[in-house]
Amino acid sequence: MKKHNGAIAVLALVGAFVAIDAPFADPQVNSTVQSTVQSTVQADKNSALPTGLDARFLDTTADPCVNFAQYACGNFTKVFPIPADMSSFDPWDVVFQHNELALRALLEKLETDSPSRTPNEKKVGDFYASCMDNDAVQAAGLMPIQQDLDRIAHMKAKSELTSLLAGFELINVNAFFGYGEQQDFKDASKQIAAVDQGGLGLPERDYYLRTGDAAEKTRQQYILHLTNTLKLLGEQQAKAVSDAQRIMTLETALARISMDVESRRDPKNVYHLMAVSQLAKLTPEINWTDFFARTGAPPVTEVNVRNPDFFKGLAALLKSTDLETIQTYLRWHLLAAVPRVALPTAFGEERFNFFDRELQGQIQERDRWKRCAEETDTELGEALGEAYVKAYFPPESKAKTLQMVKDIENAMDKEIDTLDWMSSETKIKAKEKLRLIADKVGYPDHWRDYSSLKIVRGDAAGNSLRGEEFENRRWLAKIGKPVDRGEWGMTPPTVNAYYNQSMNDINFPAGILQAPLFSPNSTDAENYGHIGGTIGHELTHGFDDEGRKFDGNGNLSDWWTAEDAKKFEAMTDCEVKEYGSFTAVDDVKLNGKLTLGENTADNGGLRLAWVALQADAQRKNIDLNARDGSGYTPAQQFFLAHGQQWCGGGRPEQIRLQVQTNEHSPDEFRITGVVQNMPEFGRAFGCKTGQPMMPANACHVW
């Protein structure tokens, strides 16, 4: 749900929502690890976790009816300034930092050789220890990919591309296109093969095409980054400058034939099931039958070509581009696939300088242990997750969360009845879909089998590349097999959540289920404003402009009446215009179409949480408008908890990057954009119609 972030399988995930906080501590499990976490946390000045409603963040000199973000969060950056090793910071990041410390304590315990470690714990510990052994990484240099560099150098003809790209696909080399597995949009019980556009080094296609001084500056910085990287690979200055321009020219051509990020949000635009023979006609320069076989995937006769125009354009591009340029391009993308922690220092510093410092404004590199913890979670997520859950996530946390999920689903069921714009026919179908949503909380029922993954202590780069190959082969092996509806798309330690439209499930990993987002020490109103809004957000994704096109079984199916669909689009157009009017940084406004799904989920999610809170208060005979010891009514606590979920912000460079590439609005507008659409907020704070936070005409979809 927030901004943090198998080649194609992940494209099925919709509406990822990030959060961050302190793990629930189970005193009967792994007490040694937990005591280490506590001592580590106490030593970290940024580990003081926000409460459900934190008075430190409030700016009571501001008028909540004029600028609620300032009122709820005006002093947040005084308490938590953006750390030098981050490009943005908000309460979710406070939780994320605390979770990092928990993982560090766990990983440092597991990296110690002990006969008590399970096979998975040994792999996790050895992986982390290898990553942390920087001396070994420096000594290895580029040897882990030297064989692949040699293959590129020894290419004699473009016909060798097929076998080369098939091998590269398995280690996530983003060259020319991507290949992977996805659920069939029209039959969600099937897993099919898919090919998609790819091959870019910059964040997305419009970075190559956008006009203006800022865009041109970024392109020149990228060319300099390419030049510096090629020099590190051994090229002389003049050759590196020339080759960098070759790469830029080729990637710009790829960008021109790529689909834009807005268009890709419509599932119909990325679903084109065709025979392999048809794909072969689009791009005959690739021997597709041979390519699919060399990846080790099951044989296929048809494939989803997510952007046929791209593959048609790719044919002409491969034909017109000389072999030397292709080789230079491949070297660059091979190197880019190797995690920074597994590269010699000079390469890592150069990559940080462009992608983090220039693009996001980050001042300094994150500590190595943080990057190694992240890399371990990336490659061995469920093995690490099993240990994490055992140490930090007691069963009662799962039970409490599931109850709140059910409460908010009941609220949505009731809200559907109140929609005056939706016909009874469509309401019946909407409720059918709602009842079929699977609720996944904490961790999967069955843990992933890592027995075939080889982890070698002291071989950081090799471990990461083997981890990528293991995961990609696992995804590709699904093609043609029944869908495993119990599978998760995020690891248990992840501080995030998501809705999957093809699975029709909502997923809340253990990492997100922590205070202040969800805490037994917070008031009901605060919990509903925090995690309740998150739960509602993910539920609403099933009915946003993208999710509504899938039925309860996860199939791309039009279950709406034509009149209801027309009314829905008119109401979402209100949100497009509303958010499109917000200025994020300098002269850059939000992209109302790109962020529509997330904005709809933010608005609908908080409204569902409010309805659920009202029902909860009625059961408990609580007056939501009566002030308590905090000085605020429960209604005000609810909205303040929502606002304080999105305190903070990002550096100007990061906000610009987010607005141009990310489907989530910047934090400020996740506060104000929502409350100004809820008259309940205005009534809670005594606002008058016409004030900024209580406009006369508000947008309301769900």
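In the second largest cavity of this predicted model, helix α16 gives the largest share of the lining, four residues. The structure is a predicted model, in which local features need pLDDT of at least 70 and side-chain atom pairs count only at pLDDT 80 or more, while totals for chains, interfaces and linings use all residues. Residues are numbered from 1 along each chain as its sequence is written, and side-chain values use heavy atoms, with hydrogens and water left out.

**The cavity**

A cavity is a set of points, on a 1 Å grid over the protein atoms alone, where a 1.4 Å probe fits but cannot get out, and its lining residues have an atom within 4 Å of a point. The second largest cavity holds about 80 Å³ of space, where a volume is the space filled by probe spheres set on the grid points, which are joined across faces, edges and corners. Two or more lining residues come from each of α10 (213-232), α15 (323-337) and α16 (345-360); helices are DSSP runs of H or I with at least four residues, strands are runs of E with at least two, and both are numbered from the N terminus. Among the lining residues are His225, Trp332, Glu350 and Arg351. By class, the lining has six nonpolar, two polar and two charged residues, where Ala, Val, Leu, Ile, Met, Phe, Trp, Tyr, Cys and Pro count as nonpolar, Asp, Glu, Lys and Arg as charged, and the others as polar.

**Thr218**

Helix α10 also holds Thr218, which is buried (under 20% relative accessible area, found with a 1.4 Å probe on protein chains only), its own value being 14%. Leaving aside residues up to four places away in sequence, Thr218 touches Leu202, Tyr207, Phe354 and Leu359, a contact meaning heavy atoms within 4.5 Å.

**The strands**

Strands of a sheet pair through backbone hydrogen bonds, either parallel or antiparallel. Here two strands count as paired if DSSP finds at least two bridges between them.

| Strand pair | Sense | Bridges |
|---|---|---|
| β5 and β6 (residues 302-305) | antiparallel | three bridges |
| β7 and β9 (residues 505-509) | parallel | five bridges |

Strand β7 (residues 438-442) is largely enclosed by the rest of the structure, because four of its five residues are buried.

Key
1 Å grid on protein atoms, 1.4 Å probe; cavity = no way out; pocket = protein on both sides within 12 Å on 5 of 7 lines; lining within 4 Å. Buried < 20%, exposed > 50% of the residue type's maximum accessible area, 1.4 Å probe, protein only.
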